[in-house]
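Dear colleague,

Please find the structure we discussed below. A short account of the findings follows it.

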Amino acid sequence: MSRSQHTNGVQLVYSDGLFSVSVLEQRGELDWDAMPHGGTDTSVDGARARRYAEPMGDVIVWERDGVVFTG
């Protein structure tokens, strides 16, 4: 795992050597009405989430306890 500080949050990258996932954590509340159209509603560990299918892979956005996560 690697961790890097950004001006708007913290980015964590997890990898098993073949696959990797990046998660950006940002303090705040998710503005669901400002989210781009075309996503699919889903959940992450019981929290409301939105998934977008992108050419590079799926992008999932959710909020929990005042932190917005983008994976």
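In this predicted model, Met1, Tyr14 and Val21 make a nonpolar surface patch of about 320 Å². Of these residues, Val21 lies in strand β3, which covers residues 20-27. Val21 has a relative accessible area of 39% and is therefore partly exposed.

Turning to charged pairs, a search of the whole structure finds three salt bridges.

One of them joins Asp41 and Arg50, whose closest N and O atoms are 3.0 Å apart. Asp41 is exposed, at 54% relative accessible area, whereas Arg50 is buried, at 12%.

Another salt bridge is formed by Arg64 and Asp45, with 3.8 Å between the closest N and O atoms. This pair links distant parts of the chain, as the two residues are 19 residues apart: Arg64 belongs to strand β6 (residues 57-64), and Asp45 sits in the loop between β4 (40-44) and β5 (47-54). With a relative accessible area of 31%, Arg64 is partly exposed; Asp45, at 68%, is exposed.

Arg51 and Asp58 also form a salt bridge, in which the closest N and O atoms are 3.3 Å apart. Arg51 is partly exposed, with a relative accessible area of 29%. Asp58 likewise counts as partly exposed, its relative accessibility being 47%; the cut-off for exposed is over 50%.

Kind regards

How values were computed: Residues are numbered from 1 along each chain as its sequence is written. This is a predicted model: local features need pLDDT of at least 70, side-chain atom pairs count only at pLDDT 80 or more; totals for chains, interfaces and linings use all residues. Side-chain values use heavy atoms; hydrogens and water are left out. Patches are made of residues with over 30% relative accessible area and no salt bridge: like charges are joined within 9 Å, nonpolar side chains (Val, Leu, Ile, Met, Phe, Trp, Tyr) within 5 Å. Accessible areas come from the Shrake-Rupley method with a 1.4 Å probe; for residues, only the protein chains shown count as cover. A salt bridge is a side-chain nitrogen of Lys or Arg within 4 Å of a carboxyl oxygen of Asp or Glu. Helices (H or I, at least four residues) and strands (E, at least two) are DSSP runs, numbered from the N terminus. Buried means under 20% relative accessible area, exposed over 50%, partly exposed in between (1.4 Å probe, protein chains only).
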